[in-house]
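Start by looking over the sequence and the model.

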Amino acid sequence: MSPVATDAAHQHKDHQLPTSGRALDLVALTATLHCLTGCAIGEVSGMIAGTALGLSNGATVALSVALAFAFGYSLTSIPLLRAGLALGAVVPVALASDTLSIAVMEVVDNAIVIAVPGAMDAGLGDVLFWGSLAFALAVAGAAAFPGNRWLIGRGRGHTAVHRTGIHGGPSPRVVGAIAIAAFVFGAGVLAVELLG
């Protein structure tokens, strides 16, 4: 471990994450938004690639899920690796912090996209494609929040990343604003489709 990683880990070793209340909500929200970022990058990439390549719905969903896990784990792992942690130390941290959250997001996200009539068959130039995906990702992030909160409150999940003292990824405020905009856009598109 590099001196920077050692110092950061030492500084955070005795700092406990909150186990209840608003403070826990904020930590869980930050963890969820971090995870949503990687999940969304992978999910959108998979849906774009599957649609552009004319893959079957099942193959497109499988590709999206695989990429969501890959990008989700990468978003956690890259800052840790850059700080000098060994791959053998990073893998368990990424698995512990992200697996449940990504799994929940992927189940919810894909269930919604599959349930929206015509969404899986819409082309990349179709607003239904983007609207259903945006809505589904925002709802999936909200669905993952309780699990993240529960894990962090018990010293698990994202707590593994916090213990390293190394954090990365985009600003939670920016991701939160994008998630809200995605929800509003997606809900609007779906409402128009439903009424039209």
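## Helix naming and tryptophan 130

Helices here are DSSP runs of H or I with at least four residues, numbered from the N terminus. The model is predicted. On that naming, tryptophan 130 lies in helix α5. Its relative accessibility is 31%, so tryptophan 130 counts as partly exposed.

Which residues does tryptophan 130 contact, leaving aside neighbours within four places in sequence? They are Val44, Ile48, Leu124 and Phe185. Glycine 21 is 109 residues from tryptophan 130 in sequence. The two C-alpha atoms are 35 Å apart in space.

## Nonpolar cores

In soluble globular proteins, nonpolar side chains tend to be buried together. The largest nonpolar core in this model has 16 residues. Met47, Val113, Val116, Leu128 and Leu133 touch the most other members. Three elements are listed as giving two or more residues to this core: α4 (87–115), α5 (127–153) and α7 (172–195). Of the elements, α5 gives the most, with 6 residues.

A second, separate core holds 13 residues. Among them are Leu36, Tyr73, Val175 and Ala179.

Leucine 133 shows the packing around one member of the largest core. Setting aside neighbours within four places in sequence, leucine 133 contacts Glu43, Val44, Met47, Asp109 and Val113. Met47 and Val113 are also among the residues that touch the most other core members.

## Aromatic pairs

How many aromatic pairs does the model hold? The count comes to 3. Two of the pairs are described here.

Phenylalanine 69 and tyrosine 73 have ring centres 5.8 Å apart. Their planes meet at 50 degrees, so the pair is tilted. Both residues lie in helix α3 (residues 57–82). They sit 4 residues apart, about one turn of the helix. Buried means under 20% relative accessible area. Tyrosine 73, at 19%, is therefore buried. Phenylalanine 69, at 21%, is partly exposed.

Phenylalanine 129 and tryptophan 130 form an edge-to-face pair. The centres are 4.8 Å apart, with 85 degrees between the planes. Is phenylalanine 129 buried or exposed? At 4% relative accessibility, it counts as buried. Tryptophan 130 is partly exposed.

## Cavities

Rolling a probe the size of a water molecule over the atoms shows where empty space is left. The model has 2 cavities of 30 Å³ or more.

The largest cavity has a volume of about 50 Å³. Its lining is Met47, Thr51, Val113, Ala119, Met120, Ala122, Phe129, Ser132 and Leu133. The elements that give two or more residues to this lining are α2 (21–52) and α5. With 3 residues, α5 gives the most. By class, the lining has 7 nonpolar, 2 polar and no charged residues.

Thr30, Leu33, His34, Thr37, Pro170, Ser171, Pro172 and Val175 line it. Here the elements giving two or more residues are α2 and α7. The most come from α2, with 4 residues. By class, this lining has 4 nonpolar, 4 polar and no charged residues. Val175 lines this cavity and belongs to the second core.

Serine 97 is placed in helix α4. Its relative accessibility is 5%, so serine 97 counts as buried. What does serine 97 contact, beyond neighbours within four places in sequence? Its contacts are Thr76, Gly157, His158 and Val161.

Cysteine 35 is found in helix α2. At 3% relative accessibility, cysteine 35 counts as buried. Leaving aside neighbours within four places in sequence, cysteine 35 is in contact with Asp98, Ser101, Ile102 and Met105. Asparagine 148 is 113 residues from cysteine 35 along the chain. Their C-alpha atoms are separated by 9.9 Å.

Conventions
Residues are numbered from 1 along each chain as its sequence is written. This is a predicted model: local features need pLDDT of at least 70, side-chain atom pairs count only at pLDDT 80 or more; totals for chains, interfaces and linings use all residues. Side-chain values use heavy atoms; hydrogens and water are left out. A nonpolar core is a set of buried Ala, Val, Leu, Ile, Met, Phe, Trp, Tyr and Cys residues joined through side-chain atoms within 4.5 Å. Buried means under 20% relative accessible area, exposed over 50%, partly exposed in between (1.4 Å probe, protein chains only). Contact means heavy atoms within 4.5 Å. Rings of Phe, Tyr and Trp (its six-membered ring) pair if their centres lie within 6.5 Å; planes under 30 degrees apart count as stacked, over 60 as edge-to-face and the rest as tilted. On a 1 Å grid over the protein atoms alone, a cavity is a set of points where a 1.4 Å probe fits but cannot get out, and a pocket is an open set with protein on both sides within 12 Å along at least five of seven lines; lining residues have an atom within 4 Å of a point. Grid points are joined across faces, edges and corners, and a volume is the space filled by probe spheres set on the points. Ala, Val, Leu, Ile, Met, Phe, Trp, Tyr, Cys and Pro count as nonpolar, Asp, Glu, Lys and Arg as charged, and the others, Gly among them, as polar.
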